Structures are given as C-alpha cells and as structure tokens.
There are 2 protein chains.
Amino acid sequence: MMEDVRSAIKEANQRFMNAFKAGDAAAVAALYTPDARILPPDAQMMEGAEAIRSFWHGAMQSGLTAAKLETVDVESSGDLAYEVGRFALYKQGDGGEIIAGAGKYVVVWKRQNGGWKLAADIWNASTRAPA
Amino acid sequence: MMEDVRSAIKEANQRFMNAFKAGDAAAVAALYTPDARILPPDAQMMEGAEAIRSFWHGAMQSGLTAAKLETVDVESSGDLAYEVGRFALYKQGDGGEIIAGAGKYVVVWKRQNGGWKLAADIWNASTRAPA
C-alpha cells in the first residue's frame with residue numbers, strides 16, 4: 001500500500017519532468033489539485049490551476065529547460081501523503097544544459113478520483129545564491 | 001475532528017513561539033518528531049532532534065529574538081496533517097524589536113502518542129532579500 005503511493009508519486013514526478021521538458025506549463029499545472037498552493041522562494045504563495053500554470057509558464061519563458069526531481073522520502077495516511085525531495089533546474093548554456101538552481105522541496109500530495117495530485121508545493125535553495 | 005487538529009496545531013505553534021521567545025532551542029526541538037526533517041533556505045536539509053535543536057540554537061545565537069507563526073490552512077487525514085502558513089522572525093533593533101525576515105511555510109504534522117508534532121518543516125522568503 002505504502003509502496004503503491006510511492007510508485008504513484010514517482011510516476012507523477014516523471015510526468016512533471018516530461019511536461020516541463022516539453023515546455024507544457026498546462027500539463028504541469030494539471031498535475032496539481034484544482035485548489036493547490038505553490039510557495040516559490042522570493043515570491044508570494046499562489047493558489048489555483050491558472051496561477052500555477054502561469055507561474056510555470058513564466059519559469060519556462062525565463063529560460064528554464066528542464067526540472068529534475070529526486071524523491072528522498074514518502075509517507076502517507078489515507079488520502080494524504082507527503083514527499084521530501086531534492087530538485088535541480090536546468091537552462092541552456094553555451095555547451096549544453098547547465099544547472100540554473102538546485103535545492104530541496106516538500107510536496108503534499110492528495111488522492112483525488114483515485115490518482116495522486118500535488119496539493120502544496122514548496123521549495124528552496126540548498127546553498128546561498130551568489131550576490 | 002478537523003477542528004481538533006487545527007486547535008492542536010495552533011496550540012503547538014503557540015508553544016513554538018513561547019519557546020523561541022524564551023531562547024529555549026531544546027523546547028523548540030521537542031515539538032518535532034524524533035526523526036523530523038527541517039529544510040531551511042540556503043542550507044542542506046537536516047534530520048533528527050539534535051540537528052534541529054542545534055539549528056534553532058544557532059538562529060537564536062545569531063540574534064533572532066522571536067518568531068511569529070500564522071496558520072493559513074490546515075488539512076488532515078488520519079495521523080497526518082499539513083499546515084500552510086506565514087511567519088515573521090524578529091531581532092533587536094535600536095528602538096525595539098524589528099523584523100529580520102518574513103515568508104511562508106509548509107509544516108507536515110504527525111500524530112504521535114496522541115499529540116501532534118512537526119515531522120517536516122520547510123520555509124522560504126516572500127520577497128527577494130536585498131543584495
């Protein structure tokens with residue numbers, strides 16, 4: 001049962017990465033619950049599918065080409081689960097993709113209609129950005 | 001039932017604020033589960049009571065005098081709950097306490113031995129820090 005949740009989350013993260021790489025912000029946003037919240041660093045928290053689509057669209061427009069998500073831990077109770085993980089964001093450099101930022105995250109997942117969706121998504125950097 | 005969880009979390013947050021104001025990092029750390037994780041901005045994730053005590057002790061030593069926690073939303077399922085909130089950190093200024101930093105957080109709470117404890121605690125700033 002616990003393994004099922006972990007697998008479902010792993011699959012959803014793979015869909016997140018694929019959609020991001022495809023530059024498809026709407027497909028990324030569709031992985032969240034309709035009233036989900038994202039809490040990006042150095043920005044106000046945002047709520048709802050359109051705000052989330054718009055945020056990720058902006059991130060892609062700013063030059064991010066890919067996101068890598070790596071699960072560290074998952075625990076669940078009923079229709080709620082949380083994931084602790086590490087991420088890296090990539091952009092195009094002169095000689096190929098380079099890391100634009102890296103850090104860690106907590107995602108709260110909710111089971112809705114049999115599938116697991118992101119309900120709250122917060123992240124931050126693991127080292128201080130150069131000034 | 002949902003209201004009970006929200007009340008319990010509100011009480012635990014009040015204990016957090018009281019312990020912080022008293023400069024008692026051990027009392028702050030005691031509000032977390034023994035294997036809890038904290039994910040502070042611009043730092044690696046840390047795990048376990050001693051790492052968490054040491055982190056908050058360092059924050060107090062650096063001059064932080066108080067933390068204010070304000071719950072925005074709580075949802076729960078069984079022995080797991082999550083809270084979305086806003087925080088402010090204070091330090092001593094010339095004319096009294098001033099804000100040292102402010103932002104938002106997600107805390108994953110776990111029910112253990114009948115009480116709710118922080119199991120994962122992550123936060124970030126709501127505006128970009130001046131360079």
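I began with exposure, where buried means under 20% relative accessible area, exposed means over 50%, and partly exposed lies in between, with a 1.4 Å probe and protein chains only. Phe55(B), at 21% relative accessibility, counts as partly exposed, whereas Trp56(B), at 6%, counts as buried.

I noted the ground rules: this is a predicted model, in which local features need pLDDT of at least 70 and side-chain atom pairs count only at pLDDT 80 or more, while totals for chains, interfaces and linings use all residues. Residues are numbered from 1 along each chain as its sequence is written, chains are lettered from A and ligands numbered from 1 in the order in which they are written, and side-chain values use heavy atoms, with hydrogens and water left out.

Next I looked up aromatic pairs, for which rings of Phe, Tyr and Trp (its six-membered ring) must have centres within 6.5 Å, and planes under 30 degrees apart count as stacked, over 60 as edge-to-face and the rest as tilted. By this rule I found 12 aromatic pairs over all chains. Phe20(B) and Trp56(B) are edge-to-face, with 5.8 Å centre to centre and 75 degrees between the planes. Phe20(B) lies in helix α1 (residues 2-21) of chain B and Trp56(B) in helix α3 (residues 49-61) of chain B, so this pair ties together parts that are 36 residues apart in sequence. Here helices are DSSP runs (H or I, at least four residues), as are strands (E, at least two), numbered from the N terminus. Phe55(B) and Trp56(B) are also an edge-to-face pair, at 4.9 Å centre to centre and 75 degrees between the planes.

Last came the pockets: on a 1 Å grid over the protein atoms alone, where a 1.4 Å probe fits, a pocket is an open set of points with protein on both sides within 12 Å along at least five of seven lines, and lining residues have an atom within 4 Å of a point. Which residues lie nearest the centre of the largest pocket? They are Pro41(A), Asp42(A), Ala125(A), Asp42(B) and Arg128(B), out of 45 lining residues. α3(A) gives the most to this lining, with four residues. The second largest pocket has a lining that includes Arg6(A), Asn13(A) and Val74(A), and its largest share, six residues, comes from α1(A).
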